[in-house]
Amino acid sequence: MFEVRLTVPSVLPRSEIGQLEYDPELDDLGSVLRDICEALEAAGVGFHVRVCSDEYWPVTVRTDLLVVIEQLGDALGLLAQGQVGKLEFYEQGVERVVLLTPCGGEFLIQCNDLIVKPTSHTDTVSVSCELVLKELVGLADDFLRVSKICCGQLASHHWFVEWADGLQQQMEKLRKSKGE
């Protein structure tokens, strides 16, 4: 099982939670993404994750989506090059790392605890490339789309625009590398 997706209410309110002016010495892209994730959660957007299990992970938009979305471009870039992609869910409650290893027409997906303890274990599953790419690219596309709808001013900040352009380039490289 591999599911990483957003659920979006049928009516997505426009919101402008967060700063519109950022201090380049104190803030960065993470500040903009944080404010967007807070606005999305307040608007009722949900984040759902099931990896190596039928059970949904205890994740939130405000915390866990923020962590994952910051890593997504790098993970997509590595997968496009046929390398191992990684997504770390390092916030309390999940504390797992997901490794995505290309293996023929599939991905070998491993879930490991970030903090090794006596009860730690590795879960492994093989999932079709098509499904994994659909989920990852879908997550990126949905995040960019709902950010622009819900938080237009934040999504037009030059740090976000530059990051979004890079994310879209990684998605395009991945699509081309997989022959889509």
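This is a predicted model: local features need pLDDT of at least 70, side-chain atom pairs count only at pLDDT 80 or more; totals for chains, interfaces and linings use all residues.

Me: Is Gln170 buried, partly exposed or exposed?
Reply: Buried would require a relative accessible area under 20%, and exposed one over 50%, with partly exposed in between. The relative accessible area of Gln170 is 22%, so Gln170 is partly exposed.

Me: At what angle do helix H1 and helix H5 pack, and how are they oriented to each other?
Reply: Helix H1 covers residues 29-42 and helix H5 residues 158-177, and their axes lie 9 Å apart with an angle of about 90 degrees. Angles of 65 to 115 degrees count as roughly perpendicular. H1 is therefore, relative to H5, roughly perpendicular.

Me: What classes of residue make up the contact of H1 with H5?
Reply: From H1 come Leu29, Val32, Leu33 and Ile36, which meet Trp159, Phe160 and Trp163 in H5. Sorted by class, this contact of H1 with H5 has no polar and no charged residues, and it has seven nonpolar ones.

Me: How many polar residues does the contact of H1 with H3 have?
Reply: On the H1 side the contact is made by Leu33, Ile36, Cys37, Ala39 and Leu40, and on the H3 side by Phe143, Val146, Ser147 and Cys150. By class, this contact of H1 with H3 has eight nonpolar and no charged residues, and the number of polar residues is one.

Me: Where does helix H2 bend?
Reply: Helix H2 runs over residues 61-80 and is mostly covered, with 15 of its 20 residues buried. The bend of H2, about 40 degrees, is at Leu72.

Me: Is His157 buried or exposed?
Reply: His157 lies in the loop between helix H4 (152-155) and H5, and, leaving aside neighbours within four places in sequence, His157 is in contact with Leu20, Tyr22 and Val32. The cut-off for buried is a relative accessible area under 20%. At 13% relative accessibility, His157 therefore counts as buried.

Me: What is the phi of Cys52?
Reply: Most residues other than glycine have a negative phi. Cys52 is found in the loop between strand E2 (46-51) and H2, and at 15% relative accessibility it counts as buried. Although Cys52 is not a glycine, its phi is positive, at about 60 degrees.

Me: Which loop holds Glu95?
Reply: Glu95 is a residue other than glycine with a positive phi, near 45 degrees. Its place is in the loop between strand E3 (85-89) and strand E4 (96-103).

Me: How far apart in space are Gln92 and Asp165, C-alpha to C-alpha?
Reply: Gln92 is found in the loop between E3 and E4, and with a relative accessible area of 73% Gln92 is exposed. Gln92 and Asp165 are 73 residues apart in sequence, and their C-alpha separation in space is 30 Å.

Me: Which side chain does a polar contact of 3.0 Å join to that of His48?
Reply: His48 is found in strand E2 and is partly exposed, with a relative accessible area of 29%. Apart from neighbours within four places in sequence, His48 is in contact with Glu3, Val4, Arg5, Thr7 and Tyr56. The side chain joined to that of His48 by the 3.0 Å polar contact is that of Thr7.

Definitions and conventions: Residues are numbered from 1 along each chain as its sequence is written. Side-chain values use heavy atoms; hydrogens and water are left out. Axes are lines fitted to C-alpha atoms, for helices over the stretch in contact, and angles run from 0 to 180 degrees between N-to-C directions. Helices (H or I, at least four residues) and strands (E, at least two) are DSSP runs, numbered from the N terminus. Angles under 35 degrees count as roughly parallel, over 145 as roughly antiparallel, 65 to 115 as roughly perpendicular and the rest as oblique. Contact means heavy atoms within 4.5 Å. Ala, Val, Leu, Ile, Met, Phe, Trp, Tyr, Cys and Pro count as nonpolar, Asp, Glu, Lys and Arg as charged, and the others, Gly among them, as polar. Buried means under 20% relative accessible area, exposed over 50%, partly exposed in between (1.4 Å probe, protein chains only). The bend at a residue is the angle between axes fitted to the seven residues ending there and the seven starting there. A polar contact is a pair of N or O atoms within 3.5 Å; within protein, one must be able to donate a hydrogen and the other to accept it, and residues adjacent in sequence count only if both atoms are side-chain atoms.
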